[in-house]
Amino acid sequence: MTFLATYSYSQPVLRQSIRGIVLDQQTLSPLPGATIILIGSDPIIGAVSDTLGQFRIKHIPIGTHRIRVTYIGYSTYESPEIIVSSGKESTITVYLRESVLTAREVEIRGDYRKYQPINRMATVSVRNFSVDETFRFAGSYNDPARMAQNFAGVTSGVDNRNDIIIRGNSPMGLQWRLDDMEIPNPNHFAAVGTTGGPVTVLNNNLLTNSDFFTGTFPAQYGNTLAGVFDLRLRNGNSDRREYWFEMGWNGLEFGTEGPFSKGSSASYLLAYRYSMLELISYLGINMNLVPRYQDLNLKLTLPTKKAGTFTLTGMGGISNIDIFDSEKSQDKWMFPDYGEDLANGSNLGVLGLTHQILLSPKTRLKNIIYVVGSLVHTKIDTFSNIVTTPAPWAGERSQEIKASWSTQLFHKFSARNSLDAGVFFDYFWMSFADSMMWKGSFLVNTDSKEQMSFLRGFTQWKHDFSERFSMTSGIFGSLLTLNNSWALEPRFGFDWIINHRHSLNFGTGLYSQMQPRVIYFVLAHPSDGTVSQPNLSMDFTRSWQLAVGYNYLLTENLRFKVEGYYQYLYDIPVKRSIPEYALLNQGHEFFIGRQYADSLINLGSGENYGMEFTFERFFKKNYYYLLTASLFNSTYRGYDNITRSTAFNVNYVLNAVGGYEFVVGKRKWGVLSFGLRATWSGGNPYIPYDVSASVATGEPIPDWSRSYETRFPAYKRIAFRFGIKRNMPKYNLEFLLDLQYRTNYTNIALQRINPRTGEIKYYFQMGFFPMGTWRIQF
């Protein structure tokens, strides 16, 4: 324990600052003159926000603290615990709600719901999360997606991916947003049309508090059925330069932030990361599997006195991996007599310019111009113990570029009434090319270059009848120029605070989503030798959703939540020639199968319904826990109109995550942390192989007649986290160790068949897997 013990007890108390900004929750206009005090300080330590709404409380002893923010005419805000470390200033964004008190009402303190979302239009099926939770939760790997897998209603796919499956919906239905920009799959080794992957490109060192939706979203969100990850990046420190260096599971990372120049209000924030295993391989250490990747995240903020604020946000990542059985001994091939050589990679780039300006104290205008590019390339060769030279079996090169513009107007008529409206325009340039060996010859699934545009718009209104009851209503519309598919979707919700401890929430609406773009251009090869694109006329998949939630705040830091929901899905793409097939069962693997995805028609339907329970203690007095249970059913009907389980219908998920932090020394110069996570869920339904047909054709053939009748065994996982943090006068050091244990390899991830022999091989989830992270901030 020399990491902690070598610090001299005679050193002075270490101190640091908390900085932040105070904003109106509706218009996001700064609130100058707000009073901020450190709760429990004696004598009182505090600050007053400046003309830009910014504040800094200096000389705060390291440890965990809370702040109280008051402003005339607004509800009081009390923050959750803020971690103050010696090496880096702590940051917080405070959103204050203008009071609508009448003479007979009593003010409600702003801390009555610490779980309340940032988006003021959200009423139900939403969870606000802090960046601290992405660091704190065991088994999260500092990944927001893996952290969210602890929330009620969420399940995961396989251990080596971070797919988010919400309420039995395909992970294809998740929308990722970064500072109000819709972005594609933000993961390394991504596949076309999917939303998950093994390693995130996102860097949680740059994130601030954000919202995660599991359904019934307000009207500003569209083109999604399952959920929304509405992520926000913080601004860089505009007063002093700060740095961090990190080594761990996600790679070797360097980050920095600070002002452009002394006295400037403009700031930068960026972080670069490189694959740790690739660096280790350069040392000559022999490893069978070397994922190669690197990524960059940045945000530049330029406030002006009269022209508003300009922000440049960027994110990029490149990745590739080679897994060659031909370089291994035969006993390590995929099958005893059959092997594969796989070369796979993906690239991602996002760059956006945002301009925000207050047209008046009650009106804000926000414009965004951004470009998104993605590339996926894959090559698979196969060989056997008879034909030892690898021969092409499958390949893909798919590329998309999207240019987008959006404008949004936010206006507050009064403390009771506010209106949001916006228009979004996307233009796509796409190139899809993939083929595979199928029944003795190459099958070309896609081979085209395409262009199309996508238009959306929304308007939404919020009315506060009182401090205790508010209602939101809105409408979202969209048009896809490829085939003139359109949607017009009303939304409605309310939030009723029964009293200080109890609240009731409700939301309902219509929702739709375009199909994965590559699916529109899949080729059909009928027996007459012609080639066509029959999916071009596919409509959106649509749903009607309803959710009711009840929150009970047992104490200031302990809450119980129960939420029930129903979702009816319709216009699901299905296939006449394979009546059991439905596109909604795709999306949680490293590819979306296209050999069956031609000639789809929007005649399928489905249902998701369930109950979700959350019992949560917010972090205070050095410990926290989160217990969630989800009980649900997810079914679909294909072309034959027979009800079946979806591929994601595990029926139940139980999660438990918690931790305790031991403060070392009266001057809090060290922290020992322990965390535990446990998950238990039902097994995934799957389609078994038709063994005789597979051997006869030499290709893997599913037994469609038994679609999703059988399941893999129940899934169980335990993760443990141990951490040490040491605060020094100018910097702080931290070491984290995550120990993943998946019940001795008993959790099945997927199955593969050897079409030569009919042998079925099961691939298991990761077993015992230790991962360490070392970080310095200064």
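Me: What makes β10 and β17 count as paired, and in which sense do they run?

Reply: In this predicted model β10 and β17 are joined antiparallel over four bridges, and because two strands pair if DSSP finds at least two bridges between them, the call follows from that count. Within this pairing Phe129 faces Ser210 of β17. The strands themselves are DSSP runs of E with at least two residues, helices being runs of H or I with at least four, and both are numbered from the N terminus. Residues are numbered from 1 along each chain as its sequence is written. The model being predicted, local features need pLDDT of at least 70, side-chain atom pairs count only at pLDDT 80 or more, and totals for chains, interfaces and linings use all residues, while side-chain values use heavy atoms, with hydrogens and water left out.

Me: Why is Asp179 called buried?

Reply: Asp179 has a relative accessible area of 12%, and buried means under 20%, with exposed set at over 50% and partly exposed in between (1.4 Å probe, protein chains only), so Asp179 is classed as buried. Asp179 sits in the loop between β13 (174-178) and β14 (181-183), and its phi is positive, near 50°, although the residue is not glycine. Asn223 likewise has a positive phi, of about 55°, in the loop between β17 (210-213) and β18 (227-231), and it counts as buried at 13% relative accessibility.

Me: What makes Lys366 and Asp180 a salt bridge?

Reply: The closest N and O atoms of Lys366 and Asp180 are 2.5 Å apart, and because a salt bridge requires a side-chain nitrogen of Lys or Arg within 4 Å of a carboxyl oxygen of Asp or Glu, the pair meets the criterion. Lys366 belongs to strand β25 (residues 363-384) and Asp180 to the loop between β13 and β14, so the contact ties together parts 186 residues apart in sequence. Both partners are buried.

Me: How many salt bridges does a search of the whole structure find?

Reply: The search finds 49 salt bridges. Among them, Arg167 and Glu612 meet at 2.8 Å, N to O. This pair links Arg167, in the loop between β12 (165-166) and β13, with Glu612 in strand β34 (residues 600-620), 445 residues apart. The relative accessible area is 1% for Arg167 and 6% for Glu612, so both are buried.

Me: Why is the pair of Tyr636 and Tyr708 called edge-to-face?

Reply: A search of the whole structure finds 39 aromatic pairs. In the pair of Tyr636 and Tyr708 the ring centres are 6.2 Å apart and the planes stand at 80°; rings of Phe, Tyr and Trp (its six-membered ring) pair with centres within 6.5 Å, and planes under 30 degrees apart count as stacked, over 60 as edge-to-face and the rest as tilted, so the pair is edge-to-face.

Me: What makes Arg136 a charge over the ring of Phe619?

Reply: The charged end of Arg136 is 4.1 Å from the ring centre of Phe619 and sits over the ring, a call that requires NZ of Lys or CZ of Arg within 6 Å of the ring centre and within 35 degrees of the ring normal. Arg617 lies over the face of Tyr623 at 3.8 Å from the ring centre.
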